[in-house]
Amino acid sequence: MRWRSFLLLPWMLAMLSACGGAMTAPSPTVTIAIYRDPAVPIPARVEDLLQRMTLAEKIGQMTLIEKNSLTADQVRDLFIGGVLSGGGGYPATDNSPAAWAEMVNTFQHAALSTRLGIPIIYGADGVHGHNNLYGAVIFPHNIGLGAANNPVLVEQIGRATATEMAATGVFWNYAPGVMVVRDVRWGRTYEGYAERPDHVATLAAAFVRGLQAPDIAAPNRVIGTPKHYLGDGGTAWGSSTTENYQLDQGETMGDEAILRAVHLPPYRATIAAGAQVIMASYSSWNGQKMHASSYWLSDVLKQELGFSGFVVSDWAAIDQIDPNYDRAVITAINAGIDMNMVPYDARRFINALTRAVEAGAVSEERINDAVRRILTVKFAMGLFEQPFAQTNLLPQIGSTMHRELARTAVAESLVLLKNEQQLLPLTKDIRHLYIGGQAANDLGIQAGGWTIEWQGRVGSIIPGTTILAGIQAAVSPQTVVEYNEHGRFTGDPGAADAVCIAVVGELPYAEGRGDSASLSLPINEQRVLYRMEETCARLVVVLIAGRPLIVTDSLPRWDALVVAWLPGSEGAGVADVLFGDRPFRGRLPVTWPRSLDQLPLGSGNGEPLFPYGFGLTP
Ligand code: BGC
Ligand code: BGC
């Protein structure tokens, strides 16, 4: 039984005295509003609060604003319900845990100083750890976890991520991505676990459980947001209308049966696991934006699946519904969007929705339903009782324990696709090791997109262990390791006692900017490979990539091929497996195409290079 007895928290006291003016020290008999009493059942708290709220306060709750777009005072004046950090949304001056906690708490204080004192919920994309925060442990991107396919591990990662986020007051995570990826040319392939619905469903549910453990109202919990509903992983090449995107935000292929069979199962599973929020998808189906679909948002998600939490829009996604913003807002809210992620102009949304309600285009009933859903989640999370950053958890950010967990995840995610003459694992007392490729020595590349910046960035952008450092630490003191990013060596990589390791990869990208027509390595990386193929007696290729690349023609020139996906901050996990401290156990979570004409999945055109589920065990 949880401790439930009533007490006045310090900020309540502050508020009471602020409102009360002449009030003396509160006695235990002070009567307070029903909604503030944690002993009252949640539905009664919600109704009590709802009937006290003005239309402006309600619409404020439905507004989620990017933190750079307004001040704490405006959060207070507009009764804002949520604030977010987008990709790269760290505190302007200092990307440290303490600065994050202070930034979030400042917004929270402002929200709590309103008439009703409804806490904001602060959100960010913690898609592989608390990834906008410098010093956070960066876990492998989901595709690597799909290869590891270990729900216990994913649950632990959820827990560790939640702990690091809760320490900074970010109690809302825009994760897990539950996309069922059908075309690996998509720039969001790595945000998804796999190409099969059941595979995605199992791991996504584990992640949600981990985030929200041990209890949704525990101070160290973070709520998840399965995204993007529905069909984001199934869009057609060339169907996007955003920037120069191809697949991302495009039109989902297939009839309703396909949407239900392929894309819906992870939502069922994560709702069953306790998901409280679901993010709608930019993508369309049958020519209609998902944000405009009352069928999918209301009839299917809320009615049929019984989802009782709230639906959040994606970043400015409502704007895409209709060039007339008022019409776009009316359509989206009526379709079932409960909270709007408005990155730039909160007032514009608030004014549009206010006009819509006054004109009767959106009913008060719909507004009440949305606000009821949002408040229910806030009460269920214990946000009214625990609104501030759990700074007692700050020491756990980047902790050894979390780094060890990430290292294990890296090791479990590696997939061995080729291993001539059982070259792997290597012995630690190998005489000469020649290592090439920029990705061997670059934390930004090994972490990928959604790391510090939205698109990620090449370079030493996070603390951690590079793959090269991991290898250097693993080999015997007698081993001579020569590293050259271009693959130009002074020693003789062709010698009988030498082994070469090329660590080559994609450069960081995110979302539609990563949509790739060619699925090829950057030209520099290809040059490194040519050079090493020419000069090395034995060549191990370690691929750092968010998805399969087309390697069909090169593969015969490599003795071994290891896919390391986007491993994150703990590169030592790669060496653990290369040198046999841990076994290869990853399996392909997506089909590896032989050629581009095998995409999207199911296009036929012969056997893939490697099927789903492939992975050697030496
Ligand atoms: C992405 C979402 C993300 C949001 C906030 C959007 O562009 O599609 O996945 O949660 O931005 O960063
Ligand atoms: C933000 C991301 C967001 C993207 C959408 C970026 O500026 O940082 O969070 O997903 O815009 O286009």
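Me: Which residues of helix H12 are buried?
Reply: In this predicted model, helix H12 covers residues 325-335, and Tyr325, Ala328, Val329, Ala332, Ile333 and Ala335 are buried there.

Me: How do those buried residues fall when you look down the axis of H12?
Reply: They fall within an arc of 160°, so they line one face of the helix.

Me: And what covers them?
Reply: The cover for the buried residues of H12 includes helix H11 (294-304), strand E11 (340-342), helix H13 (346-358) and helix H14 (364-380).

Me: What goes on at the start of H12?
Reply: Asn324 has a side-chain oxygen that reaches to within 3.0 Å of the backbone nitrogen of Asp326. Past the other end, just after H12, Gly336 takes a positive phi of about 130°.

Me: OK, switching to ligand 1. Which residues come nearest?
Reply: There are 14 residues around ligand 1, and Asp125, Arg188, Lys227, His228 and Asp314 come nearest. By class, that shell has six nonpolar, three polar and five charged residues.

Me: How far is the Asp314 side chain from an oxygen of ligand 1?
Reply: An N or O atom in the Asp314 side chain is 2.6 Å from an oxygen atom of ligand 1. The protein buries 96% of the 310 Å² that ligand 1 exposes when taken alone. For Lys227, a side-chain N or O atom is 2.9 Å from a ligand 1 oxygen, and for Tyr282 a polar side-chain atom lies 3.5 Å from one.

Me: What about ligand 2, which residues are around that?
Reply: Gly86, Gly87, Trp315, Trp450, Trp454 and Glu511. They divide into three nonpolar, two polar and one charged.

Me: Which part of Gly87 lies 2.6 Å from a ligand 2 oxygen, backbone or side chain?
Reply: Backbone: an N or O atom there lies 2.6 Å from an oxygen atom of ligand 2. Side chains come in with Trp454, at 3.5 Å from a ligand 2 oxygen, and Glu511, at 3.0 Å. On its own ligand 2 has 310 Å² of accessible area, and the protein covers 76% of that.

Me: Last one, Gln249. Buried or exposed?
Reply: Gln249 is buried, with a relative accessible area of 7%. Gln249 sits in the loop between strand E5 (227-229) and strand E6 (251-252).

Me: What does Gln249 touch?
Reply: Not counting residues up to four places away in sequence, Gln249 touches Ser240, Thr242, Tyr282, Ser283, Lys289, Gln320 and Glu511. With Gln320 there's a side-chain to side-chain polar contact of 3.0 Å.

Definitions and conventions: Residues are numbered from 1 along each chain as its sequence is written. Chains are lettered from A and ligands numbered from 1 in the order in which they are written. This is a predicted model: local features need pLDDT of at least 70, side-chain atom pairs count only at pLDDT 80 or more; totals for chains, interfaces and linings use all residues. Side-chain values use heavy atoms; hydrogens and water are left out. Helices (H or I, at least four residues) and strands (E, at least two) are DSSP runs, numbered from the N terminus. Buried means under 20% relative accessible area, exposed over 50%, partly exposed in between (1.4 Å probe, protein chains only). A polar contact is a pair of N or O atoms within 3.5 Å; within protein, one must be able to donate a hydrogen and the other to accept it, and residues adjacent in sequence count only if both atoms are side-chain atoms. Contact means heavy atoms within 4.5 Å. A residue is near a molecule or strand if one of its heavy atoms lies within 4 Å of it. Accessible areas come from the Shrake-Rupley method with a 1.4 Å probe; for residues, only the protein chains shown count as cover. Ala, Val, Leu, Ile, Met, Phe, Trp, Tyr, Cys and Pro count as nonpolar, Asp, Glu, Lys and Arg as charged, and the others, Gly among them, as polar. The arc is that of the directions from the helix axis to the C-beta atoms.
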